[in-house]
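Trainee: I have not looked at this one before. Can you walk me through it?

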Amino acid sequence: MLKLENINKIFNEGTVNEQRIFEGLDFSVKSGDFITILGSNGAGKSTLLNLIAGTHAADKGKIILADKDITKLKEHQRAKFIGRVFQNPTFGTSPSMTILENLSLALNKGKTFGLSLGVNKKNITYFREILTTLNLGLEDKLNIKVGALSGGQRQSLSLLMATLVEPQLLLLDEHTAALDPKTSALIMELTNNIVQEKKITTLMITHNLNHAISYGSRLIMLHKGKVILDICGEEKSQLTINKLVDYFDSIKCSDALSDELMLA
C-alpha cells in the first residue's frame with residue numbers, strides 16, 4: 001500500500017541549526033496495516049507523517065502509495081486520498097462552521113464544486129446516524145458551531161470527517177495527546193472501531209505505551225531517524241511495557257525514551 005524508498009530529509013542544511021532527520025530511510029506498509037509509532041522527541045515521527053502527507057518535501061527518495069508515485073504531489077493533492085487527524089483538536093475542523101457544514105465539507109472531499117449548495121439536506125439523516133454512534137449527543141447539535149464543542153467532541157468529529165470518504169491511508173498524529181484520560185480512551189475506541197470496520201491502512205503516532213501495545217497490528221519505534229524496532233502478529237500481542245523498556249536497555253539506547261514516553 002505504501003512504500004518509502006531511500007528517503008532523506010534535512011532541515012536548515014548547512015547552518016548551525018542543521019538537523020538530519022532521515023538518511024536513506026526505507027519503510028513499507030501493507031494494505032490494512034494499523035501501525036502504532038513510538039519514539040522520543042526528535043526521532044522523526046511527525047516528520048515521517050509530514051513527508052507522507054506532503055507537508056514537507058523529501059530531499060531525496062520516493063514515496064509510493066497504492067502503486068502511484070506521489071513524491072512530487074502537493075499536500076492538497078494528496079489530501080484527496082489521505083486522511084489526517086492532528087494532536088490539536090482545532091486543526092481538523094472549521095470552528096466558525098456548524099457540525100452540519102463541517103460534515104458536508106468532508107463528504108464532498110475530492111469532488112468538483114459547481115454553483116450548488118454545499119449542504120445537501122438529504123444527508124442530514126445519514127449524519128445523525130453516524131453521530132449517534134459517538135454517544136456524545138452531537139446528533140442533536142447539527143446546527144451548533146464547532147467552536148462551541150469540547151476538545152473531545154471536536155476530535156471525534158475530526159476523526160469522522162477524516163474517514164467519512166474512506167481514505168487510502170489514515171494518518172493520526174498523537175490525536176489523543178491533548179485530551180484527558182477518559183476522553184482519550186473514548187477516542188481510541190472510536191478510532192479502532194472505524195479502522196477495523198473500514199479496514200483503513202493507518203499510521204498512528206503515540207506517546208502512550210499502553211495505546212501502542214493495545215491497538216494496531218504492528219508497532220514500530222523510531223530513534224534518530226531509524227526504525228529500531230518493528231514487530232507484529234503474535235510477538236506484538238505478547239508485548240508489555242516492561243519488554244519495551246528492556247529492549248531499549250539491551251541495545252543501549254535508553255536515551256530514546258523521553259520522560260514523557262516513560263510516564264505515559
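Predicted model: local features only at pLDDT ≥ 70, side-chain atom pairs only at ≥ 80, totals over all residues.

Trainee: How many helices and strands does the chain have?

Mentor: The chain has 10 helices and 10 strands. Helices (H or I, at least four residues) and strands (E, at least two) are DSSP runs, numbered from the N terminus.

Trainee: And what share of the residues is buried?

Mentor: Of the 264 residues, 47% count as buried. Buried means under 20% relative accessible area, exposed means over 50%, and partly exposed is in between (1.4 Å probe, protein chains only).

Trainee: What about contacts between residues at least 24 apart?

Mentor: Among contacts between residues at least 6 apart in sequence, 69% join residues at least 24 apart. Contact means heavy atoms within 4.5 Å.

Trainee: Let's take a helix. Which residues of α3 are buried?

Mentor: They are Ile 99, Leu 100, Asn 102, Leu 103, Ser 104, Ala 106 and Leu 107. With seven of its nine residues buried, α3 is largely enclosed by the rest of the structure. Its buried residues pack against α4 and α5.

Trainee: How do α3 and α4 cross?

Mentor: The axes of α3 (residues 99-107) and α4 (residues 124-132) come within 11 Å and cross at roughly 100°. That makes α3 roughly perpendicular to α4. Roughly perpendicular covers 65 to 115 degrees; under 35 is roughly parallel, over 145 roughly antiparallel, and the rest oblique. Axes are lines fitted to C-alpha atoms, for helices over the stretch in contact, and angles run from 0 to 180 degrees between N-to-C directions.

Trainee: Which residues make that contact?

Mentor: From α3 they are Ile 99, Leu 100, Leu 103, Ser 104 and Leu 107, and from α4 Ile 124, Tyr 126, Phe 127 and Leu 131. By class, the contact of α3 with α4 has eight nonpolar residues, one polar and no charged. Here Ala, Val, Leu, Ile, Met, Phe, Trp, Tyr, Cys and Pro count as nonpolar, Asp, Glu, Lys and Arg as charged, and the others, Gly among them, as polar.

Trainee: What does the side chain of Ser 104 reach?

Mentor: The side chain of Ser 104 reaches the backbone oxygen of Leu 100 at 2.8 Å. Ser 104 is in helix α3 and is buried, at 3% relative accessibility.

Trainee: Change of topic: how far apart are the ends of α6?

Mentor: The end C-alpha atoms of α6 (residues 181-198) are 26 Å apart, which agrees with the 26 Å that its 18 residues should span at 1.5 Å a residue. The expected span is 1.5 Å times one less than the number of residues.

Trainee: What covers the buried residues of α6?

Mentor: The cover includes β3 (34-39), α5 (151-164), β7 (169-173), β8 (201-205) and α7 (209-214). Among the buried residues of α6 are Thr 183, Ser 184, Ile 187 and Met 188.

Trainee: Ser 184, then: which residues is it in contact with?

Mentor: Leaving aside neighbours within four places in sequence, Ser 184 is in contact with Thr 176, Leu 179 and His 211. Ser 184 has 7% relative accessibility, so it counts as buried.

Trainee: And Asp 67, buried or exposed?

Mentor: Asp 67 counts as exposed, at 79% relative accessibility. Asp 67 is in the loop between β4 (60-65) and β5 (68-69), and has a positive phi of about 65° although it is not a glycine.

Trainee: Last one: where is Leu 65?

Mentor: Leu 65 lies in strand β4 and is buried, with a relative accessible area of 2%. Leu 65 and Leu 169 are 104 residues apart in sequence and 8.6 Å apart in space, C-alpha to C-alpha.

Note on methods: Residues numbered from 1 in each chain as written. Heavy atoms only, no water. Polar contact = N/O pair within 3.5 Å; in protein donor to acceptor, adjacent residues only side chain to side chain.
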